Amino acid sequence: MGPGGEPDRARAATLSALRQAIGRIEGAPFARGVPDGEDEKPNDDDRLALGAPAFDAALGGGLPRAGLVEARTLAMRDGGAGVGFALALGIRLGASARRPLLWIAAADALAEGGMPYREGLAHFGLDPDALVVVRARRIVDAAWAGEEAARSGAAALVVVELRGNPTLLGLEGTRRLHTRAREAGGAVMLLRQGGEPEATAAPVRLLVEPVRAAPVPGLELLPLIGRPRFSLALEKARGLSPRTLCLEWDPHDRRFLDHDPLVRAAGRIPGDPADAAAQRPDPARGTGALVALRSLRGGAAGEDAAHRRFGAA
């Protein structure tokens, strides 16, 4: 039938419904009910800008505001970077005491990484009263709590932290998390500490690694710790090419800044002693004064034994 006929309209409606169904599984910001033949583009309102122009552009405007985002670290020793990034994301989403950042963690993950520290949270830019921690004894409990929290939509961000790649939160488990979050219009982060890349329903997966912290402005030559920095590798994102960028977290303005690790710290002059010391291992120190030790003739047996223990002739 020609244009405008009933079969054509039915076909367009069917295609639109299929697009939305696929979008709910793979990331709905890219799938909306649009007339057949028109381009589908992500809506900027569905994206959370991190504040760093280069990284936001690499993500097509930012991270999805609703649905599942997966982040992983290479090992548990990098857990601080993963936790810091998740906390910063909760801050960007406006976590507060009334709409908190809900942190659901398996017991073994908390045993390895420890519990949050109130003063540290405040220094990082998060109101300590805005964090609610749920300690799950088993992975199945953490998965259930994550689904229920995602379904409620009451939290600014739901973080499900676990170790490795448990089967329960593989493709099927993450699909349930993503669907619940999309239906409620909320954000969920699956934080895998020491996890491997695997097929999941998360539209975005990031590899988070620690980077040397920024120097303290004006005190660059002192061994002080400044703003935290993160290396974020975009491992999976529909329609976007994989790449790695570094971010610096500003706890005062509560936003990320783009960081180029190849740019030298401000105030450093290439070739000066301070710069050389910062860019290479500490040189070996001199041995200092040498003192010759010898046995005391006629000394007590205990004294001779002491001299022999420390290498005396």
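First, the ground rules. The model is predicted, so I take local features only at pLDDT of at least 70 and side-chain atom pairs only at pLDDT 80 or more, while totals for chains, interfaces and linings use all residues. Residues are numbered from 1 along each chain as its sequence is written, and side-chain values use heavy atoms, with hydrogens and water left out.

Let me start with the sheet. Helices (H or I, at least four residues) and strands (E, at least two) are DSSP runs numbered from the N terminus. Two strands pair if DSSP finds at least two bridges between them. On that basis there is an open sheet of nine strands, in the order E5-E4-E6-E7-E3-E8-E9-E10-E11, and the pairing is mixed. E5 and E11 stand at the edges with a single partner strand each, so one side of each has no neighbour in the sheet. On average, neighbouring strands are turned by 30° against each other, direction ignored. Axes here are lines fitted to C-alpha atoms, for helices over the stretch in contact, and angles run from 0 to 180 degrees between N-to-C directions.

Strand E8, residues 204–211, pairs with E9 in the antiparallel sense over eight bridges. One of the positions to look at is Arg205, whose bridge partner in E9 is Lys236. E9, residues 229–237, is joined to E10 by six bridges, and these two strands also run antiparallel. Leu234 stands opposite Arg243 in E10. The hairpin of E9 and E10 has five residues between the strands, and Gly239 takes a positive phi near 80° there. E10 then pairs with E11, residues 255–259, over five bridges in the antiparallel sense. Across that pairing, Glu248 stands opposite Leu257. In the hairpin of E10 and E11, with four residues between the strands, Arg254 has a positive phi near 55°.

How much of E10 is buried? Six of the eight residues in E10, which covers 243–250, are buried. Buried means under 20% relative accessible area, exposed means over 50%, and partly exposed is in between, with a 1.4 Å probe and protein chains only.

Next, the helices on the sheet. H6 spans residues 139–152; at 1.5 Å a residue its 14 residues should span 20 Å, and the end C-alpha atoms are 20 Å apart, so the two agree. The expected span is 1.5 Å times one less than the number of residues. H6 lies across E4, E5, E6 and E7, at about 160° to E4. H7 packs on the sheet too, touching E3 (67–72) and E7, and its direction makes about 135° with that of E3. Contact means heavy atoms within 4.5 Å.

The buried residues of H6 are Ala142, Ala143, Ala145, Gly146, Glu147, Ala149 and Ala150. What covers them includes strands E4, E5, E6 and E7 and helix H7 (171–184). Just after H6, Gly153 takes a positive phi of about 70°. H7 likewise has its buried residues, among them Leu177, His178 and Arg180. H7 is followed by Gly185, with a positive phi near 75°.

On to the aromatics. Rings of Phe, Tyr and Trp (its six-membered ring) pair if their centres lie within 6.5 Å; planes under 30 degrees apart count as stacked, over 60 as edge-to-face, and the rest as tilted. That rule gives five aromatic pairs. Phe124 and Trp249 are a stacked pair, 5.7 Å centre to centre with 20° between the planes. Phe124 lies in helix H5 (residues 118–124) and Trp249 in strand E10, so the pair ties together parts 125 residues apart in sequence. Trp249 is buried, at 0% relative accessible area, and Phe124 counts as buried at 14%. Ring pairs link Phe85, Phe124, Phe230, Trp249 and Phe256 into a cluster.

Last item: what does the side chain of Arg229 meet in polar contacts? Arg229 is in strand E9 and counts as buried, at 17% relative accessibility. A polar contact is a pair of N or O atoms within 3.5 Å; within protein, one must be able to donate a hydrogen and the other to accept it, and residues adjacent in sequence count only if both atoms are side-chain atoms. The Arg229 side chain makes one of 2.8 Å with the side chain of Glu248, and one of 3.4 Å with that of His259. Leaving out residues up to four places away in sequence, Arg229 also touches others, including Pro210, Arg212, Pro215 and Leu247.
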